Amino acid sequence: MSYEIKTGKEQEAPILWTGDFYNEGTGSGDIFDTLKEECGVFGVFGHPEAASMSYYGLHALQHRGEESAGICVADGRDFNYHRGMGLVKEVFDKDKIASLIGDMSIGHVRYSTSGDSRLTNAQPLVFKYRDGDLAIATNGNIVNEPLIRKQLEQGGSIFQTTSDTEVLAHLIARSQKDFVEATKDALAQLVGGFAFLLMTNDKLIVASDPHGLRPLVMGRLGEAYVFASESCALEVIGAKLVRDIEPGELLVLDQDGFREERFAEPKRKALCAMEYIYFARPDSDLNGSNLHSARKRMGSRMALEAFVDADIVTGVPDSSISAAIGYAEQTGIPYELGLIKNKYTGRTFIQPSQELREQGVKMKLSAVRRVVEGQRVVMIDDSIVRGTTSRRIVNLLREAGAAEVHVRITSPPFKNPCFYGIDTPDRRELIASYKTIAEMCEEINADSLAFLSPDGLIQSIGGYNSNDYKGGLCLSCFDNDYPTQVDFGGEEKDGCSC
């Protein structure tokens with residue numbers, strides 16, 4: 001098999017700097033065609049250093065969104081908030097955190113699709129309405145948002161952002177009921193995957209969609225309550241994980257205490273499988289399953305399903321390292337650091353010219369020649385989207401002298417777009433939707449290619465101990481079986497604009 005780097009029509013157009021910030025508006029033009037994170041939320045109730053706690057929590061969730069960050073704090077009377085474009089450490093400094101006084105806060109890190117990366121969409125979104133101040137932060141996507149927005153605009157609503165989150169604020173403001181009941185009614189009208197944190201001057205409300213598509217956990221820090229998209233954000237501030245927020249659950253925290261309520265009955269449980277495969281940090285726990293351990297089991301199961309005789313196993317950093325270790329342990333083939341990631345380029349490295357773009361992959365990943373040269377390499381990765389990234393990495397290994405490159409993907413073929421908060425390409429751009437595995441193998445220039453089976457994925461995560469349908473997972477990006485309605489007569493959307 002030839003391993004020459006593809007040229008001509010297969011070369012992608014250069015990435016252009018399209019905004020004022022290094023990671024603004026890059027969208028699917030990133031040199032790495034990996035899936036984009038959703039967003040991350042963090043909330044604190046009853047801690048005098050709520051802003052500082054939120055800062056550290058958001059820093060732990062930075063991998064979920066790198067375009068903007070924000071924190072809003074309430075002291076029982078007023079809001080203090082700050083939002084900005086860029087990383088958490090760029091948006092906040094000591095003085096800004098010190099100015100955010102209060103014992104209740106919500107924070108947000110954001111990733112958006114191209115064109116929606118702007119300060120007006122940075123969260124938490126803050127509103128004035130008849131009962132005072134309202135701040136909202138969310139992770140996810142409301143599929144029927146365009147339909148609801150159209151109806152609200154016809155009724156006189158004027159929107160200031162393109163964010164899903166603003167729809168919820170308008171629905172609440174138009175209700176004649178008290179805030180909690182208005183929020184329940186508003187949430188019940190939404191279809192999609194979402195985790196919401198809502199804050200007024202004296203209340204914090206936490207809610208998860210009826211399918212639990214987006215992760216959200218609760219912790220305790222002394223007498224304070226803490227909420228986060230992932231448990232790793234609790235660990236960093238010393239909070240203890242209590243439990244996951246249940247599908248359709250609504251929690252109310254105020255001066256009267258902590259109340260567990262509902263805005264909808266739980267439906268088919270369907271936590272996003274890509275959280276386990278790729279998005280969440282390996283030190284996080286979801287539904288009682290540690291991510292690192294689950295990914296190791298994926299790698300072990302991959303070895304049982306698609307063993308190949310080789311000299312070394314390597315993982316594409318960082319999300320595939322755990323799976324590569326699992327594959328190596330199962331087969332007895334040594335695990336080696338065959339690929340090294342440059343952690344200082346950011347996730348959306350901008351190329352000002354075509355010449356630099358050709359070298360761009362080497363700016364983010366390097367093959368260790370002395371490790372892979374002359375070796376038969378098993379390369380473990382978590383997914384293939386368009387195929388361009390896999391081809392680049394395979395060619396990196398070949399250029400470093402690898403004798404063979406066998407690719408093993410610890411997820412089923414990614415064939416369908418996500419409607420619940422992951423920014424995925426159009427189905428026509430997903431290579432698995434129109435090519436066979438043999439054709440994909442040739443396209444990425446590998447000696448062999450195999451994917452983890454759906455059953456293998458479910459059992460690796462831990463679904464075999466559950467009576468839930470498909471192990472309580474959403475596998476729609478693999479099998480086209482969406483847990484919610486996704487067609488609203490053209491008045492719907494995919495991707496993420498939280």
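This text walks through a protein model, from the whole chain down to single residues.

The model is predicted, so local features need pLDDT of at least 70 and side-chain atom pairs count only at pLDDT 80 or more, while totals for chains, interfaces and linings use all residues. Residues are numbered from 1 along each chain as its sequence is written, and side-chain values use heavy atoms, with hydrogens and water left out.

Start with the whole protein. There are 16 helices and 23 strands. Helices (H or I, at least four residues) and strands (E, at least two) are DSSP runs, numbered from the N terminus. The protein has 498 residues, and 61% of them count as buried. Buried means under 20% relative accessible area, exposed means over 50%, and partly exposed lies in between (1.4 Å probe, protein chains only). The accessible surface comes to about 19,300 Å². Carbon and sulfur atoms hold 49% of that surface. These areas come from the Shrake-Rupley method with a 1.4 Å probe; for residues, only the protein chains shown count as cover.

Next, look at contacts, meaning heavy atoms within 4.5 Å. Take the contacts between residues at least 6 apart in sequence: 70% of them join residues at least 24 apart.

Now find helix 5, residues 165–174. Of its 10 residues, 8 are buried, so the helix is largely enclosed by the rest of the structure. The buried ones are Thr-165, Glu-166, Val-167, Leu-168, Ala-169, His-170, Leu-171 and Ile-172. What covers them? The cover includes strand 5 (125–129), strand 6 (132–142) and strand 7 (192–199). Helix 4 (145–154) and helix 6 (179–188) are also among the covering elements.

Turn to the empty space inside. Rolling a probe the size of a water molecule over the atoms shows where empty space is left. The search runs on a 1 Å grid over the protein atoms alone, and a cavity is a set of points where a 1.4 Å probe fits but cannot get out; lining residues have an atom within 4 Å of a point. Grid points are joined across faces, edges and corners, and a volume is the space filled by probe spheres set on the points. How many cavities of 30 Å³ or more are there? The count is 2.

The largest cavity has a volume of about 110 Å³. Its lining includes Ser-208, Gly-212, Asp-244, Glu-246, Pro-247 and Lys-269. The lining residues divide into 5 nonpolar, 3 polar and 4 charged. Here Ala, Val, Leu, Ile, Met, Phe, Trp, Tyr, Cys and Pro count as nonpolar, Asp, Glu, Lys and Arg as charged, and the others, Gly among them, as polar.

Pro-247 lies in the loop between strand 11 (240–244) and strand 12 (249–254). Is Pro-247 buried or exposed? Its relative accessibility is 6%, so Pro-247 counts as buried. Leaving out residues up to four places away in sequence, Pro-247 touches Ser-208, Asp-209, Pro-210, His-211, Gly-212, Arg-262, Pro-266 and Lys-269. Arg-268 is 21 residues from Pro-247 in sequence, and their C-alpha atoms are 8.9 Å apart.

The second largest cavity holds about 60 Å³ of space. Among its lining residues are Cys-272, Met-274, Cys-418, Cys-474 and Cys-477. Helix 8 (273–279) and helix 16 (476–479) each supply at least two residues of this lining. The lining divides into 8 nonpolar, 1 polar and no charged.

Last come some backbone details. Most residues other than glycine have a negative phi, and most peptide bonds are trans. A cis peptide bond joins Gln-123 and Pro-124, with omega about 5 degrees. Gln-123 is found in the loop between strand 4 (104–110) and strand 5. Gln-123 counts as buried, because its relative accessibility is 0%. A polar atom of the Gln-123 side chain lies 2.9 Å from the backbone nitrogen of Thr-138. The peptide bond from Pro-317 to Asp-318 is also cis, with omega near 0 degrees. Asp-318 sits in the loop between strand 17 (312–315) and helix 10 (321–331).

Asn-445 has a positive phi, near 70 degrees. Asn-445 lies in the loop between helix 14 (437–443) and strand 22 (448–451), and is buried at a relative accessible area of 1%. Asn-480 also has a positive phi, near 65 degrees. Asn-480 lies in the segment after helix 16, and is partly exposed at 41%.

Definitions and conventions: 1 Å grid on protein atoms, 1.4 Å probe; cavity = no way out; pocket = protein on both sides within 12 Å on 5 of 7 lines; lining within 4 Å. Polar contact = N/O pair within 3.5 Å; in protein donor to acceptor, adjacent residues only side chain to side chain.
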